[in-house]
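Thanks for coming, everyone. Let me put the structure up on the screen, and then we can walk through it together.

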Amino acid sequence: AWYNRYEALSSIYDGLVAIETDPDLCASIDCDRAQTFAKFVQGYALGYLALNFDSAFVFDETVDLETDVLALQAYPAVMAAAMGYLQEVITGTSGASWSLEPGWILGLPLTAAALGQYAHSLMARFMVMVTRTPAERDAVNWGTVITHIDAGITDDLMIDGDGYNNWLNDLHWYGSNPSAAS
């Protein structure tokens, strides 16, 4: 969970820095789509880091790798960063007409509007799941959670993976193949 999230964040860093430093790049790619998808990955990765760990690094394109020293931040701060990126996705998809290619999220060609809905659904999930104490649960703004749910996805999402080449879940495989477990 840790290394894969930072691998994704590192790749997003490289892409966003490339867009920022090469103005001609946007002539050959849809930079709005790329940057909005990058914000989605940042929100997704940081959100799950906040859910799984008590602290994490908020690593994004604003970090200067030559001079900055990253410090671990507590999970509420990491989740706040994730929510900010997901809000940027919602803003970036509003009224946009582009779509993600099926390979961007394996097997899931998404329109801009659908990616925005996915961001809403993640925000609702993160708001509820990040709570770790009764006080944190009591502080959840359930009206906002419902607003995100209502604006979120309404259909099942089916991410294909890659034919179990790299996504193999051993428990799933063994559960589906009981003779292999013995």
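Let's start at F40: apart from its neighbours within four places in sequence, F40 is in contact with L86, V89, I105, L115, Y118, A119 and L122. By contact I mean heavy atoms within 4.5 Å. Before I go on, a word on what you are looking at: this is a predicted model, where local features need pLDDT of at least 70 and side-chain atom pairs count only at pLDDT 80 or more, while totals for chains, interfaces and linings use all residues. Residues are numbered from 1 along each chain as its sequence is written, and side-chain values use heavy atoms, with hydrogens and water left out.

So which residues have the most contacts inside the largest nonpolar core? F40 is one of them, together with L46, M79, L110 and F126, and that core has 47 residues. A nonpolar core here is a set of buried Ala, Val, Leu, Ile, Met, Phe, Trp, Tyr and Cys residues joined through side-chain atoms within 4.5 Å. Buried means under 20% relative accessible area, exposed means over 50%, and partly exposed is in between, using a 1.4 Å probe and protein chains only. The elements giving two or more residues to this core are α1 (2-21), α2 (31-52), α3 (75-93) and α4 (112-129). As a general point, nonpolar side chains tend to be buried together in soluble globular proteins.

Now step back to the whole chain. The protein has eight helices and two strands, and along the sequence they follow the pattern α-α-β-β-α-α-α-α-α-α. These are DSSP runs numbered from the N terminus: helices are H or I with at least four residues, strands are E with at least two. Of the 182 residues, 36% count as buried. Among contacts between residues at least 6 apart in sequence, 66% join residues at least 24 apart.

Let's take α3 next. This helix has 19 residues and reaches 27 Å from its first C-alpha to its last, close to the 27 Å expected at 1.5 Å a residue; the expected span is 1.5 Å times one less than the number of residues. Which residues of α3 are buried? They are Y75, V78, M79, A81, A82, M83, Y85, L86, V89, I90 and T93. Their cover includes α2, β1 (55-56), β2 (73-74), α4 and α5 (134-138). After α3 comes G95, with a positive phi near 80°.

In the loop between α3 and α4 you will find S97. S97 counts as exposed because its relative accessibility is 74%. The C-alpha atoms of S97 and R33 are 9.4 Å apart, although 64 residues separate them along the chain.

How many does a search of the whole structure find? Two. In one, E101 pairs with R33, with the closest N and O atoms 3.3 Å apart. That pair links distant parts of the chain, E101 being in the loop between α3 and α4 and R33 in helix α2, 68 residues apart. R33 is buried, because its relative accessible area is 16%, whereas E101 is partly exposed at 42%.

K39 and E61 also form a salt bridge, with their closest N and O atoms 2.6 Å apart. Here too distant parts of the chain are linked: K39 is in helix α2 and E61 in the loop between β1 and β2, 22 residues apart. K39 is buried, because its relative accessible area is 11%.

Let's finish with the part around α6. W142 is placed in this helix, residues 142-151, and is partly exposed because its relative accessibility is 46%. With V128 and M129, W142 forms a nonpolar surface patch of about 290 Å² accessible area together. Such patches take residues with over 30% relative accessible area and no salt bridge, with nonpolar side chains (Val, Leu, Ile, Met, Phe, Trp, Tyr) joined within 5 Å and like charges within 9 Å; the areas come from the Shrake-Rupley method with a 1.4 Å probe, and for residues only the protein chains shown count as cover.

Leaving aside neighbours within four places in sequence, H148 is in contact with H120, S121, M123, A124 and M127.

How values were computed. Salt bridge = Lys/Arg side-chain N within 4 Å of Asp/Glu carboxyl O.
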